[in-house]
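Please open the structure in your viewer and keep the sequence beside it. The stops below say what to select next and what is to be found there.

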Amino acid sequence: MYGENGEQKLLASNVRDVDEKIKEIMIIDSNQFRQILMIPQGEFRKLLTSESKDKEVILQRLFHTQIYKSIEEKLKEDATELKRTVEEQIKLRDQYFNQVQALYSEELKSCLEAGSVNDTLLMPLLAEEIKEMEAGLAELTEAGRKKKEQRDHLQQKLYEAEMVLKQLKTKEELMQRKEELEGLRGQYTAKENAIALAQKAALLNQQEQLCHELKKDLDAAHADLHELQKNIGTLETLLKEKQDKWESEKNREEERKQAAEQVNHLQNMKEDILSYAKVEKLVRSLEKNLEYLRLQKRQKDEAHQKADLQIKTLSEEKQDIEKSKLAQIENERNLEKLTDEIERLHKYEELHKEHQLSMNAFSNKRNYFDQTSSRLTDAKLLVEELEGKWLHGQASILANRLQNGEACPVCGSEHHPNPAVSPHDIPDEKDLKEAKKQAAQIEAEKAKAESAFYEAQSRMNSSESGLAELTAQIQKHRPDFKQESLLVLKNTLADQKKDLLKIHAELKKKSLRLENCTAELEKTQQRKEALAAEIDRLQDQINDAAILHAEKRSNLARMTDTIPENLRSIDAYESSLKTAAEKLEIMQRQLESSQQNYQDAKSALLAEQAKLETLQKQADKIEQKLAAERQNFVQRMKDQGFEVYGEYRDAKKSEDQIRQLEGEVREYREEVRSVHDRYAELGHLLEGIEKPDLDSLQLLLQETDDQLKLLQDQYTNLFMMKKQNKETMQKIEEINENMKALEERYKVIGHLYEISKGQNTYRITFERFVLAAFLDDILREANGRLSKMTSGRYMLLRKTDRSKGNAQSGLELLVFDQYTGQERHVKTLSGGESFKAALALALGLADVVQQYAGGVSLETMFIDEGFGTLDPESLDQAIEALIEIQSSGRLVGIISHVPELKERIDARLEVTASQTGSRTQFQFLN
């Protein structure tokens, strides 16, 4: 609403508020508004005289028959999809036929090379090819088995030859080894003598080891004596040092007394230190709390300022969102218009493609129809020519039998002045029948071609009509529209829609923000009030804390003067006390430690001196025993035959060395025996055997292996080809089964689609058929009133005849005149007759809409003008019809300048014009 100064005032900004405001202004709600039927001036004849396509648009909106159009589109979609699927299956089947391998069947091979994909012809040939391949595999299997047996036999012979060669080589090697072993006989005799001497020396080894052990013990005892003497000297020096240290610690008694007094003094100050620390801690805590409260107050002050700023921002945002509501409504309206226009362009593009296809199909069908017509003409001429020749021939045959004086069986004359001459090319009856049969076949073919031609023509005209109708709709909004500019226009509109959608999204996002913005604004205001109360509370707490802090701080200053600075904290006090106590404890430990160290050093020296005396006695005993055992060893060495120690030393060997020499001798003797035995055995075994030809056997085996591998490769290739053919045959059979089911379904779906799109007896679509049924119901209701208003003369009829070509039909109206008994077009009615017919049609339409509108009642009706064309009798009849409607409970309003109506209308709202403007006044007749 605009105010006195031109400022705008928003009355409502959401759907609910707008509905309420409109109801307040109009005094009726949307449901009541929908129950008003308005028949405007000059519009009476439009529904009555309009073409089928115009009536179709009106009835579509009234009865919402889009579902029937959807059925047509769904049938078309299903039929197209089924057809496409069948075509894809055929392509896939053709691809599988290209994968077939033809090896045996020449007929199959020639068909595949010619590119044939006739499954009826190829499938039996493929099955026979698979059988031939299976037979070929069996032959290859048998040939492979025989070749494998031959190879196994050759391998056995080759193995035996290799064994003979190996044995011959072994015999030569054994002969060489036998000679080598004979040359080593002297070496192993010397080893046997060395073993005997080593065994004698082993008997003296125990006595020698005893002497060595005694010498080792004696050397160890002398080394221990030397070490003890050295330790005793060190201990004597250490004892002197420890004694001097103990004497020094005993002289620090006064220092220890002072340390103990310092510890006692610090312990007596403990209570004062604890009190000071407690007060100091309290002062620091109060100071920190005071600072924390001040920080909190500063934060709350900042938050309060931010809340002020946020409230201002949200208020401005809310006003901006409320202003953008109007822009959103306008943008939605523009977007809806643009979407409708884009949909029309898409539909135009599809219809244009469909029209091009229908034109091509029409051209092809027309050419085929012309060809069949020409062929039929030629065939009929041929039949006529043959029939004439045949009849002339029959006449000539009859003429040859005529004799003068005999009556002619045709004309009865006895004179035959000019008998027919027999032509040389008389056709027989069989040729004539064959020509007639061929003409009949061509005529049937022409009938099919004609039917297909007219069907293609119907489709082309239908698509052309739809394209023209859609072009007219587009040019209402874009007069300069042309098919060449379709792509540019589509891209332009798509860009515009994209921009509008972007704007719509932004406005919608902004609109959705309104509720959140309002909630945030209220929440921020509440937070601002809470912050103000919190700031006041914090200020009171700061004042109380500052007073308490000042009081405790003065107490701390008085206590500071009585306590040394280095002891004012508990940590410093405890550290000083701990240092003094540790110092006293260290001095006590040092005194005790020095005394203990002196006693330990003295005890260690006495122990080492006693150990030295004992060890000296043990060394003397070991030396005496060693001299006696040495004398015993010399005597036993001479008894074993060793005159000097060097002979014994050279003969002496370890047990491992003796076992090794014994093993070598034993292995030598075993090898000599083994070589002699094996050589004798091979000599007996190879007696009379010649050296085999190994190279020839290997060459023959290699050739056999190559042949066997070739057979295996042939078997593998043939098996893979058979497997591929078998799989291909199975897949083609599956495809044929699927295509059979798809074709059966297409027969039903495709037939229904052809009927629904208008390929039927009436040449009308499914949706128009339903609309015609609705129109029949409307005419039935309208004719009841029209009969009364015209004294039974006129009755409205729906034209059911097919239109010429492919023009839209099924919704045109005719009027039946009882006076003449003839039907004629409604456009031939006079003005008054047209008004009565249109009024009856409008009233019938209102009744039928109520019946199909699910309980909606058209309670109010307004009729604008039209009564001026009626004569008095017709005017009375029209008024009676309206009064009859009023008596059924409806409100009927008439807008008219006809004076005669004033006498018939009880309640009138009269509008009187003057120079100063128009005024209105209600007039009621008692």
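This is a predicted model: local features need pLDDT of at least 70, side-chain atom pairs count only at pLDDT 80 or more; totals for chains, interfaces and linings use all residues.

Begin by selecting E72, which lies in helix α5 (residues 66-98); helices here are DSSP runs of H or I with at least four residues, strands are runs of E with at least two, and both are numbered from the N terminus. With a relative accessibility of 7%, E72 counts as buried, where buried means under 20% relative accessible area, exposed means over 50%, and partly exposed is what falls in between (1.4 Å probe, protein chains only).

Residues are numbered from 1 along each chain as its sequence is written, and side-chain values use heavy atoms, with hydrogens and water left out.

**Salt bridges**

The next stops concern salt bridges, a term that stands for a side-chain nitrogen of Lys or Arg within 4 Å of a carboxyl oxygen of Asp or Glu. By this rule the count comes to 22 salt bridges. Select E81, R84 and E88 together, and you have three residues that are linked in a network of salt bridges.

Move on to E149 and R145, which form a salt bridge whose closest N and O atoms are 2.8 Å apart. Because they are four residues apart in helix α7 (residues 119-183), about one helical turn separates E149 from R145. E149 is partly exposed at a relative accessible area of 47%, and R145 is also counted as partly exposed, at 41% relative accessibility.

Then select D308 and K528, whose side chains meet in a salt bridge of 2.5 Å from N to O. D308 lies in helix α10 and K528 in helix α12 (residues 486-560), so this pair ties together parts that are 220 residues apart in sequence. D308 counts as partly exposed at 32% relative accessibility, and K528 is partly exposed with a relative accessible area of 26%.

A further pair to select is E910 and R908, which form a salt bridge with the closest N and O atoms 3.0 Å apart. Is R908 buried or exposed? R908 is buried, with a relative accessible area of 17%, whereas E910, at 25% relative accessibility, counts as partly exposed.

**A charged patch**

Return to helix α10 (residues 270-400), where E336 has its place; at 53% relative accessibility, E336 counts as exposed. Select E332, D340 and E343 along with E336, and you will see these residues gathered in a patch of negative charge on the surface. Such a patch is made of residues with over 30% relative accessible area and no salt bridge, like charges being joined within 9 Å.

**Last stops**

Select S465 in helix α11 (residues 429-477), a residue that is partly exposed with a relative accessible area of 25%.

Finish at S791, which lies in the loop between α17 (766-789) and β2 (794-798). Although S791 is not a glycine, this residue has a positive phi of about 55 degrees.

Technical notes: Patches are made of residues with over 30% relative accessible area and no salt bridge: like charges are joined within 9 Å, nonpolar side chains (Val, Leu, Ile, Met, Phe, Trp, Tyr) within 5 Å. Accessible areas come from the Shrake-Rupley method with a 1.4 Å probe; for residues, only the protein chains shown count as cover. Lys and Arg count as positive and Asp and Glu as negative; His and the chain ends are not counted. The place of a charge is taken as NZ of Lys, CZ of Arg, CG of Asp or CD of Glu.
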